[in-house]
Each structure stands twice: as structure tokens, then as C-alpha cells.
Amino acid sequence: MASSSVNLEEIPSESLMNELLRRMKCAPKPEKRLILIGPPGSGKGTQSPIIKDEHCLCHLATGDMLRAAVSAKTPLGIKAKEAMDKGELVSDDLVVGIIDEAMKKPSCKKGFILDGFPRTVAQAQKLDEMLERQGVKIDKVLDFAIDDAVLEERISGRWIHPASGRSYHTKFAPPRVPGVDDVTGEPLIQRKDDSAAVLKSRLESFHRQTQPVISYYSKKGIVATLHAEKPLTDVTDEVRKVLS
């Protein structure tokens with residue numbers, strides 16, 4: 001069987017140099033396996049790329065990984081598609097298997113950030129069992145704690161201009177004329193997910209599901225509670241202290 005090889009002459013020098021610098025920067029970094037837990041609008045999506053870059057971790061979002069596995073027609077992806085086609089939920093074992101596969105990528109050599117999983121104690125236990133078989137464990141769970149009233153103000157004030165994607169906030173970044181895009185003068189819309197009623201339902205579901213997961217990891221002494229209502233830079237500083 002012919003071995004696949006890469007002709008380095010075909011790769012732009014800048015790309016090679018960037019990869020070399022990345023490897024040099026990442027070599028001394030300790031391994032870290034993290035879970036991010038937080039309701040919609042808590043700032044997880046903002047902090048995650050910063051953590052990923054500073055600690056040379058890969059970001060594992062279960063929804064994206066499932067879609068990638070289905071698209072690549074991996075054995076687990078085929079099983080997941082069968083379940084989806086029947087309208088069934090993808091089993092915890094399958095999701096943990098897909099995480100197991102993803103962890104073997106070179107970009108995950110220094111560890112990973114798990115976002116959106118585990119959502120239940122049963123999933124947390126299955127994840128722990130899989131990691132234990134590899135001789136590793138979750139090092140830290142970052143709990144983005146924020147009052148529901150603060151979230152409601154953050155999210156229900158969001159308005160967007162559909163054509164451009166420009167976003168506004170009635171309190172924090174209002175348009176010059178209420179309900180109207182600054183550039184085109186076209187009307188702004190509010191996404192259904194951003195309405196107070198939808199947010200209330202999502203938050204109730206989040207608390208019901210994830211509080212037991214936070215309790216499960218708290219017993220292991222690895223939960224760090226962040227004050228996610230603070231300004232972005234303050235939360236970033238808090239994360240750095242926790243992970244240093």
C-alpha cells in the first residue's frame with residue numbers, strides 16, 4: 001500500500017512558518033481537558049476561542065462533530081445518521097464514541113474544550129469511563145454562572161439587520177433610530193430565540209438538566225464558578241486565574 005506523503009515545497013512558506021511557531025508555542029503547555037457549562041448568552045462562545053488559543057486546545061462541539069461524522073460517513077457517523085433518520089435521539093454511547101474519535105486528532109494533542117456535553121449525569125459518567133480507559137480525566141469544569149434576569153436583559157434586547165447580520169442592543173448598542181438599521185434604514189428584527197418567552201423556557205430546561213451535572217463534578221472538586229455577568233475582560237482574567 002502506497003504511503004500518503006505531503007510535498008512540503010507545495011505548501012506556502014508562511015503556512016509552514018506559522019505551523020512551526022504554533023508547535024513551538026504549544027510544546028511546553030501542560031495538557032488540559034475542560035468542560036464549559038453555561039446558559040445561552042453567558043459568554044461561553046466568547047471565552048472559548050481565547051482559552052483554545054492560549055492553551056493550544058481543540059474545541060469539541062458535539063453538534064458540529066456529529067454533523068462532521070455523518071458527512072464523513074465514519075462507522076459511528078453512519079450509526080448516528082440511522083438514528084436521526086428514524087427520528088431518534090443519538091445515544092450517549094455514540095456521542096462519547098465520536099468524542100473519543102475526535103480526541104485523536106493532532107489538534108487535540110494538548111487537550112480539549114467540551115462545549116454542549118455532557119448535559120446529564122449519565123453522559124458525564126460515560127465520558128469519565130471513556131477517558132479513564134485512556135488514562136486521562138477532566139481537569140476542570142468552568143461554570144459560567146449568571147443571574148437569569150441579567151441574561152434576559154442581555155438577550156431579549158438583541159435586534160439584528162437580517163441582510164447584513166449587523167446586530168444591535170436596545171441598552172448596550174442601540175441603533176440611532178429605534179428599530180431601524182443605521183446603514184440602510186431598513187427595519188430590524190428580533191430572532192424568535194431571543195424573545196423573553198423562548199429564553200425563559202430554554203433557561204428552565206438548562207437549569208433542570210445541568211444543575212445535577214455541576215453537582216456531579218463539584219463532588220470531584222473540579223468545578224470553578226465564574227462570575228459571567230462581569231465585563232468580558234474581567235471574565236477572561238478570571239478564567240486565566242482558574243487555569244493557571
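This is a short walk through one protein chain, from its overall build to a few single residues.

The model is predicted: local features need pLDDT of at least 70, side-chain atom pairs count only at pLDDT 80 or more, and totals for chains, interfaces and linings use all residues. Residues are numbered from 1 along each chain as its sequence is written, and side-chain values use heavy atoms, with hydrogens and water left out.

Start with the whole chain. It has nine helices and seven strands. Helices (H or I, at least four residues) and strands (E, at least two) are DSSP runs, numbered from the N terminus. The C-alpha atoms fill a box of roughly 65 × 50 × 45 Å, taken along the principal axes. Of the 244 residues, 36% count as buried. Buried means under 20% relative accessible area, exposed means over 50%, and partly exposed lies in between (1.4 Å probe, protein chains only). Now take the contacts with a separation of 6 or more: 70% of them join residues 24 or more positions apart. Contact means heavy atoms within 4.5 Å.

Next, look at helix α2, residues 44-55. At 1.5 Å a residue, its twelve residues should span 16 Å, and its end C-alpha atoms are 16 Å apart, which agrees. The expected span is 1.5 Å times one less than the number of residues. Which residues of α2 are buried? They are Lys 44, Gln 47, Ser 48, Ile 51 and His 55. Seen down the axis of α2, these buried residues fall within an arc of 110°, so they line one face of the helix. The arc is that of the directions from the helix axis to the C-beta atoms. Their cover includes the strands β1 (32-37), β2 (58-61), β3 (111-115) and β4 (140-145), and also α9 (232-243).

His 55 belongs to this helix. Its relative accessible area is 14%, so His 55 is buried. Setting aside residues up to four places away in sequence, His 55 touches Lys 29, Lys 32, Lys 110 and Leu 243.

Cys 56 follows α2. It sits in the loop between α2 and β2. Its relative accessibility is 8%, so Cys 56 counts as buried. Its phi is positive, near 60°, though the residue is not glycine. Lys 73 also has a positive phi, of about 55°, without being a glycine. Lys 73 lies in the loop between α3 (62-72) and α4 (75-85). At 62% relative accessibility, Lys 73 counts as exposed. Most residues other than glycine have a negative phi, and most peptide bonds are trans. A cis peptide bond joins Phe 117 and Pro 118, with omega about 0°. Pro 118 is in the loop between β3 and α6.

Now follow the chain to a helix pair. Helix α6 (residues 121-133) and helix α8 (residues 196-218) pack at an angle of about 40°, with their axes 8 Å apart. Axes are lines fitted to C-alpha atoms, for helices over the stretch in contact, and angles run from 0 to 180 degrees between N-to-C directions. The two helices are therefore oblique to each other. Angles under 35 degrees count as roughly parallel, over 145 as roughly antiparallel, 65 to 115 as roughly perpendicular and the rest as oblique. On α6, the contact is made by Val 121, Ala 124, Gln 125, Leu 127 and Asp 128; on α8, by Pro 212, Val 213, Tyr 216 and Tyr 217.

Finally, find Ile 214 in α8. At 8% relative accessibility, Ile 214 counts as buried. Beyond its neighbours within four places in sequence, Ile 214 is in contact with Ile 37, Asp 143 and Val 223.
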